[in-house]
Amino acid sequence: MNIEQFKGLARLPKFAIPSQYDLHLKLDLSAACTFSGTVKINLSITEKTNFLVLNANQLQFHQALFTTSGNQQYCPSDVVVDDDDEVVVLVFDETLCVGEGLLGIEFSGKLNEHLKGLYRCTYVDEGVKKNMAVTQFEAADARRCFPCWDEPALKMFLQNEKSAAKLDIVTTFLSVDPADFWATFKITLDAPSELTALSNMPIIDEKLDGNIKTVYFEETPVMSTYLVAVVVGLFDHIEDTTADGVKVRAYCPVGRSDEGKFALELTIKSLDIFTKYFSTPYPLPKLDMVTVPEFAAGAMENFGLIVCRDNAMLYSDSKSTARRKQTMSIVVAHEVAHHWFGNLVTMEWWTHLWLNEGFATWVSYMATDNLFPEWNIWTNFLRETAGGLSLDALEQSHPIEVEVHHVHGVEQVFDDIGYRKGSAIIRMLQGYLGDDIFQNAKTEDLWRVISEKSGVNINSLMDCWTKQKGYPVIYVKSKDHILEFEQSQFLSSGLHGDGEWTVPITLALGSYDKRKNFLLESKFGIVDISEFFPSSDETLWIKVNVKQSGFYRVMYEDRLAAQLRKAVENNCLLATDKFGILDDMFALCEACKQPLSSLLLLMNAYRNEMDNMVLLKLIDVCYDVVNISTDAVPDSVNVLKEFFISLLQCSAEKLGWESIPGESHLDVMLRGEVFIALATFGHEKTRRVAMQRFQVLLNDKNTPLLSADMRKAAYISVMRNSSTTNRNGFESLLKFYREVDAMQEKERILQSLASSPDPDVVLEVLNFLVSDEVRDQDITYGLVGLSLECRETAWRWLKENWDRILKKYGSGMLLHYFVREIVTPLSSNEKAEEVEAFFGSHVNPAFDKILKQSIERIRIKARWIQSIRQEQSLPDLVNQLLHKE
Ligand SMILES: [Zn+2]
């Protein structure tokens with residue numbers, strides 16, 4: 001008998017298939033923070049075996065027994081734990097025969113502090129620090145809580161089934177019969193009697209024994225292990241009921257349930273929208289959402305129990321920003337949508353994660369658009385797409401369908417490719433086929449229905465987008481009313497890629513009434529547009545990729561580009577198109593396919609722009625151009641900043657610092673961003689006003705002079721003007737952080753601290769960020785605001801503190817922030833080599849992909865800097881533009 005055969009397997013062997021887990025967990029939340037448990041698993045032995053192999057991680061085993069349906073008992077002669085593969089092998093001397101049975105295991109473990117599996121976090125109750133128990137099992141951490149078959153869908157493909165499945169990803173996703181391999185979960189918890197105990201299902205019974213209560217939950221429907229959840233802590237809650245009678249509760253920190261009202265309302269409305277959209281009722285009797293003090297992701301769609309960070313659930317008009325309101329709506333709708341798409345039907349294996357996440361993201365925008373049409377949320381969606389396009393232009397990208405060979409690789413699949421490219425290609429399909437065809441299709445057979453109704457074979461169209469990484473840039477030329485198209489893979493590194501796509505091309509010609517669609521199915525294509533231009537008119541604009549709904553970039557020949565620039569200036573285009581033209585030009589510039597001067601000329605065309613989402617994009621581009629120019633043309637940076645200030649001046653004057661009664665949500669959102677940008681670019685008047693208002697705030701925490709939306713602009717001003725010799729502002733801000741309760745306030749302060757240009761101040765800030773004063777999860781805020789001036793300091797600090805960081809932040813997603821936010825701002829080939837050399841001796845599969853992407857981005861910048869230095873006329877152009885107004 002040899003257990004070596006189970007070493008290094010990507011998937012668990014299928015000798016046994018679970019159908020029901022009866023799980024009893026006993027939580028000890030005293031200082032020790034331990035748990036013990038019993039699990040009874042109903043199994044079908046499908047093949048006679050001397051082994052039962054299941055997942056477990058960091059658990060101790062005390063007893064195990066297998067009882068057949070004929071009441072024969074088998075005790076394993078050995079229990080072998082493999083820490084690398086996270087499995088436990090139960091070895092039986094006698095062979096287990098095909099049939100049904102019950103596997104009972106007693107185990108114990110410790111609540112960890114790494115925000116995964118069953119973990120502890122702390123909260124303060126009447127001045128006393130106490131422990132809370134929370135679970136986070138996606139992707140593969142249920143095994144840290146109880147031994148189980150911890151794979152999203154426990155189904156082994158037969159060889160021929162597998163090749164058939166390759167043909168149709170959605171069939172793969174949905175054709176599986178859940179009853180074959182998912183299990184139900186009957187959960188029982190022993191917990192301190194004064195605490196609230198939550199799980200996926202409603203409570204059916206509760207027994208009290210001294211200070212301990214035993215809570216019995218209803219059995220779940222069949223589902224995957226990664227969706228099981230338990231939370232035990234102290235909460236206040238509010239509740240409401242959907243039109244269909246589903247009870248929804250929002251569990252908030254004690255005394256703050258008022259701030260859960262907006263999330264509760266959103267959840268109820270989203271449930272109603274999706275019930276209609278999917279034509280399927282919400283599958284459970286209840287839906288709870290709970291915010292916990294420490295959480296690694298933003299939110300998690302556990303079946304019937306959404307767990308989230310406070311900023312995804314707590315909202316108040318006075319404390320929260322308009323942007324927060326918007327992200328919250330999308331996050332809540334996303335998690336609710338998963339209850340159909342993801343939970344009710346689950347991907348067969350993590351390879352198909354993108355469909356799960358991409359679709360949930362796409363429908364969350366649909367629901368939000370439905371609830372808040374005035375937000376123009378689909379323009380905001382382009383920011384998702386832009387993130388996906390940026391990442392997917394790296395050689396270190398990956399196809400959205402990734403082969404996940406081992407559980408260690410799973411976490412890195414949860415990146416922008418799955419979420420953003422995934423949702424963007426769904427949007428591309430919708431943009432190409434039209435809303436009508438698309439909206440009528442239900443998820444169960446989305447692709448098939450769409451194919452039938454549109455006559456386009458969607459499977460083969462989508463395959464080239466899901467199975468290969470990257471995307472094309474389309475070169476467009478016009479000659480005598482013939483448009484010529486050529487595609488080639490777009491890579492920010494400027495290197496050649498040989499990908500080829502079937503590209504849904506959409507055109508608007510001089511007006512949005514004149515439209516044409518076609519599929520570019522090979523490298524070259526031509527389209528006759530003479531029907532649109534009966535009389536020869538060379539001045540009309542042509543926009544390819546209408547509404548920017550396609551996942552590709554467009555590069556126009558100079559004449560077409562100039563006409564489009566005019567169209568931007570004359571406000572002839574939709575916001576989505578204005579957004580896209582700018583995003584494409586920036587990316588082409590970064591890849592050295594266009595000079596920086598073309599980008600600056602284009603930016604100047606947005607001088608009178610009124611659309612807020614377009615302005616937000618313009619601000620993003622301003623930051624990026626300032627950053628690259630600091631290295632490339634340091635002598636021109638100040639003039640450049642003045643030029644950008646002049647572009648934003650008009651909006652700043654229109655918006656002012658204080659809210660205007662009756663103004664739109666988007667105005668409120670833009671105001672904060674405009675003034676943050678002005679503060680960052682060193683606009684003197686902004687600095688003065690910000691400092692004055694900050695002083696007022698220190699004396700009056702509720703001053704109307706600094707609304708939630710404007711505070712970050714003030715904090716950034718304070719930090720941009722802080723130094724070792726002028727520490728007052730910095731210290732006031734730290735003091736404010738320590739005193740204030742609201743997490744959203746703390747979050748804003750954290751986002752501002754590292755923006756100081758003074759290396760010593762930033763060093764102090766970095767050490768503060770990893771101290772006990774900042775929760776581990778909040779590192780995500782502190783690092784993103786790092787000033788360009790202090791990137792070297794931060795990099796040195798990272799090297800010196802790496803071992804400590806690794807120990808504190810473990811192997812999870814939080815570690816990605818250190819790599820991405822500190823490594824990526826570097827910008828020379830020498831630095832890239834230094835980073836490679838440093839991490840060469842610190843390899844870690846938990847972040848190697850993020851690291852490679854960051855290093856590639858450094859090299860892309862190094863190349864771009866060289867190219868900008870060749871543009872002799874650039875300083876003159878910047879001067880001209882500044883004085884052109
Ligand atoms: Zn999701």
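These legends describe close-up views of a predicted model.

**Figure 1. The whole chain.**
The chain holds 28 helices and 27 strands. Its C-alpha atoms fill a box of roughly 90 × 65 × 55 Å along the principal axes. Of the 885 residues, 49% count as buried. Among contacts between residues at least 6 apart in sequence, 71% join residues at least 24 apart.

**Figure 2. Domains, and the contact between domain 2 and domain 3.**
The domain assignment gives four entries: domain 1 (1-151 + 184-221 + 224-234), domain 2 (236-335), domain 3 (350-466) and domain 4 (471-594). Domain 2 brings eleven residues into contact with twelve residues of domain 3. On the side of domain 2 that touches domain 3, helix H4 (261-277) and helix H5 (322-338) are the elements that give two or more residues. H5 gives the most to this side, with five residues. By residue class, this side of domain 2 divides into five nonpolar, five polar and one charged.

Strand S11 covers residues 184-192, and strand S1 covers residues 16-28. S1 and S11 pair in the parallel sense over seven bridges. Within this pairing, His 24 stands opposite Thr 188 in S11. S11 also pairs with strand S14 (residues 212-217), here in the antiparallel sense and over five bridges. Leu 189 stands opposite Val 215 in S14.

**Figure 3. The open sheet S3-S7-S6.**
Three strands form an open sheet in the order S3-S7-S6, with antiparallel pairing. Strand S3 (49-55) and strand S6 (78-82) are the edge strands, and each pairs on one side only. Neighbouring strands of this sheet are turned by 20° against each other on average, direction ignored. S6 and strand S7 (residues 87-96) run antiparallel and are joined by five bridges. Val 80 has Val 89 in S7 as its bridge partner. In a regular strand the side chains alternate between the two faces of the sheet.

**Figure 4. The open sheet S24-S23-S26.**
This open sheet has three strands in the order S24-S23-S26, paired antiparallel. Strand S24 (515-520) and strand S26 (542-544) stand at the edges. Each has a single partner strand, so one side of each is left without a neighbour in the sheet. Strand S23 (residues 503-509) runs antiparallel to S26, and three bridges join the two. One view of this contact shows Leu 509, whose bridge partner in S26 is Ile 542.

**Figure 5. Asn 71 and its positive phi.**
Most residues other than glycine have a negative phi. Asn 71 has a positive value, with phi near 70°, and is a residue other than glycine. Asn 71 lies in the loop between strand S4 (60-68) and strand S5 (73-74). Is Asn 71 buried or exposed? Asn 71 has 8 C-beta neighbours inside 10 Å, so it counts as exposed.

**Figure 6. Asn 571 in a loop between helices.**
Asn 571 is not a glycine, yet its phi is positive, at about 60°. Its place is in the loop between helix H12 (558-569) and helix H13 (575-590). Asn 571 counts as exposed because it has 11 C-beta neighbours inside 10 Å, and the cut-off for exposed is 12 or fewer.

**Figure 7. Gln 866 in helix H27.**
Gln 866 lies in helix H27 (residues 848-869). How many other C-beta atoms lie within 10 Å of Gln 866? There are 12, so Gln 866 is exposed. In sequence, Gln 866 and Gln 60 are 806 residues apart. In space, Gln 866 and Gln 60 are 57 Å apart, C-alpha to C-alpha.

Conventions
Residues numbered from 1 in each chain as written. Predicted model: local features only at pLDDT ≥ 70, side-chain atom pairs only at ≥ 80, totals over all residues. Pairing = 2+ DSSP bridges. Helix = DSSP H or I, 4+ residues; strand = E, 2+ residues; numbered from the N terminus. Domains from an automatic or database assignment. Contact = placed C-beta atoms within 7 Å. Nonpolar A, V, L, I, M, F, W, Y, C, P; charged D, E, K, R; others polar. Buried ≥ 20, exposed ≤ 12 C-beta atoms within 10 Å, placed from the backbone. Axes fitted to C-alpha atoms, helices over the stretch in contact; angles between N-to-C directions.
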